[in-house]
Amino acid sequence: SATFTVRGAGADIWGAADALHFVSQPISGDVDVVARVTSVEYVHAWVKAGVMIREHLTSGSAHALMLVSPGKGLAFQRRVANGGLSTSTGQAGAAPAWVKLEGRGATIRALTSSDGANWTLLSSDTFSMGSDVHVGLAVSSHDASRAATAMFQNVTVTAVSAPPPPPPSLPAPWQAQDIGAVGAQGGSSASGGTFTIRGAGADIWGSSDAFRYVW
């Protein structure tokens, strides 16, 4: 009945590598994940329990986490690129609390609520993540020797349909395409021999590229 009990140990979800228990499902594209964190066991003040969008199931993966802790309030914690460092935006609060992440292209917004109906934006950030991600519930005890238990209710993961793409605006035989894990969809148009191209993507470099290509 959309109620989850999650028990996790691990030193932390922070820095360049995480240690946690993650209950998730794969999603492609834009997504909303919502939960009411009803209780968080006080193993440590910085026990973290919340909703997460994570690109890979590796310790250094890019991710967004909207969390509740028993001694440090609520926080939007994130690592915006694989192998990067964590940052955090916090506010006062404690369980029970509603938390939500909204993923739209390369942007993820973190929201909180007291009733699950009226939401307040805590913060947002831009991520270098592909469209295929893992979405669900995360718990880390902040103590590698002990696990902490958190209860979640009203858990929902909702794929959000993108609006239909606009009709082609390039003269034949020109074509356009996003290549690689760009994050945000690109666009292109041409008029009188002048081309306008809008592209995302982490880089055209190394062993794999992400960019908008008009050819």
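Colleague: How many bridges join β4 to β13, and do they run parallel or antiparallel?
Modeller: This is a predicted model. In it, β4 and β13 run antiparallel and are joined by eight bridges.

Colleague: Which residue in β13 is the bridge partner of Ile27?
Modeller: Val133 is the partner of Ile27.

Colleague: What holds strands of a sheet together in general?
Modeller: Strands pair through hydrogen bonds of the backbone, in a parallel or an antiparallel way.

Colleague: In what order do the six strands of the open sheet come?
Modeller: The order is β4-β13-β6-β7-β8-β9, with antiparallel pairing. At the edges are β4 (21–28) and β9 (87–91), each of which pairs on one side only.

Colleague: What is the average twist from one strand to the next?
Modeller: The twist averages 15 degrees.

Colleague: Change of topic. Which residues touch the most other members of the largest nonpolar core?
Modeller: They are Val51, Ile53, Met66, Phe76, Leu101 and Phe152, in a core of 34 residues. Elements that give two or more residues to this core include β6 (48–54), β7 (63–69) and β14 (148–159).

Colleague: Which element gives the largest share?
Modeller: That is β5, with five residues.

Terms used. Residues numbered from 1 in each chain as written. Predicted model: local features only at pLDDT ≥ 70, side-chain atom pairs only at ≥ 80, totals over all residues. Heavy atoms only, no water. Core = buried A, V, L, I, M, F, W, Y, C linked by side-chain atoms within 4.5 Å. Buried < 20%, exposed > 50% of the residue type's maximum accessible area, 1.4 Å probe, protein only. Helix = DSSP H or I, 4+ residues; strand = E, 2+ residues; numbered from the N terminus. Pairing = 2+ DSSP bridges. Axes fitted to C-alpha atoms, helices over the stretch in contact; angles between N-to-C directions.
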